[in-house]
Amino acid sequence: MKTLSLVSIFVLAIFIGCKTEPKTPDTVEATPEKNIPELIADAHGLANWKSVNQIDFMFNVDRDSIHFERSWVWKTKKNEVTAISGADTLTYNRKSMDSIAQKTNGGFINDKYWLLAPFNLVWDAGNYSFGHSLSEKAPISGETMQKLTIVYANDGGYTPGDAYDFYFKDDYIIREWTYRKANQEEPSLTTTWEDYTEINGMQISKSHKKADGSFHLYFTQLKVQ
């Protein structure tokens, strides 16, 4: 196989409101056993992830006049990833990675986070601290929503110490988010979460846009097996 050479200009930090209201599952009730990150993950269908064997997706970014794309096939049970960029393909297992796979895996972690961030709120539990507000003004729509802020630990991972603000309504479906590098006060990137689709009981946002339209990150060729 050829060695994958990934374009880096759009490798955003691991890390963002909806014109069309997404279809939501039954109302999620807060219980003493469930914290806010878990309720968000549940609302997006985390319980159905256990039946997923493979997920395919193309990660696309339109930034001003520049387009970037790359594709991934993730065999979740084996933790095997195939990265496809142009004519270059690389397959590796995330349990055993050489230096080339390690570099490629940074792109996979980034792209997967954009696709499945609600689930990462559970998968990454223990690696971040969080705070919750019942009433905050969302940065793009200006609507009053709840806000969950998470701050990753300073050690480990690809972007240690980074912070994310998730904005959501009473159904716990994410509408907007802000990424703040190294937990700085000023936003590094703020986008919508929109164009939700239901796949195998999971709610997945396929489109993320900046307010001024200069940035659009979206997913195509999305398949779940």
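How many nonpolar, polar and charged residues are in the lining of the largest cavity? The lining has six nonpolar residues, three polar residues and no charged ones. The views below come from a predicted model.

**View 1. The largest cavity and its lining residues.** The volume of this cavity is about 40 Å³. Nine names make up the list of its lining: H44, L115, L116, P118, F119, W193, Q203, I204 and S205.

**View 2. Where the lining of the largest cavity comes from.** Two elements each give at least two residues: helix α2 (99-123) and strand β11 (202-209). Which of the elements supplies the largest share? That is α2, with four residues.

**View 3. The open sheet of seven strands.** Read across the sheet, the order is β4-β3-β2-β1-β12-β11-β10. The pairing is antiparallel. Which strands are at the edges? They are β4 (88-93) and β10 (194-199), and each has pairing on one side only. On average, neighbouring strands are turned by 20° against each other, direction ignored.

**View 4. Helix α2 packed on the seven-strand sheet.** The helix touches six strands: β1 (54-63), β2 (66-75), β3 (80-85), β4, β11 and β12 (215-224). The direction of α2 makes about 90° with that of β2. Helix α2 also supplies four residues to the lining of the largest cavity.

**View 5. The pairing of β10 with β11.** Five bridges link these two strands. They pair in the antiparallel sense. Look for E194: opposite this residue stands S207 in β11. Strand β10 is an edge strand of its sheet. Strand β11 also supplies at least two residues of the cavity lining.

**View 6. The open sheet of five strands.** Here the order is β5-β6-β7-β8-β9. Again, the pairing is antiparallel. The edges are β5 (128-137) and β9 (189-192). Each of these edge strands pairs on one side only. From one strand to the next, the twist averages 15°.

**View 7. The pairing of β7 with β8.** Strand β7 covers residues 163-168, and strand β8 covers residues 174-180. The two run antiparallel. How many bridges join them? There are six. Which residue in β8 is the bridge partner of Y164? The partner is Y179.

Conventions. Residues numbered from 1 in each chain as written. Predicted model: local features only at pLDDT ≥ 70, side-chain atom pairs only at ≥ 80, totals over all residues. Heavy atoms only, no water. 1 Å grid on protein atoms, 1.4 Å probe; cavity = no way out; pocket = protein on both sides within 12 Å on 5 of 7 lines; lining within 4 Å. Points joined across faces, edges and corners; volume = space filled by probe spheres on them. Nonpolar A, V, L, I, M, F, W, Y, C, P; charged D, E, K, R; others polar. Pairing = 2+ DSSP bridges. Axes fitted to C-alpha atoms, helices over the stretch in contact; angles between N-to-C directions. Contact = heavy atoms within 4.5 Å.
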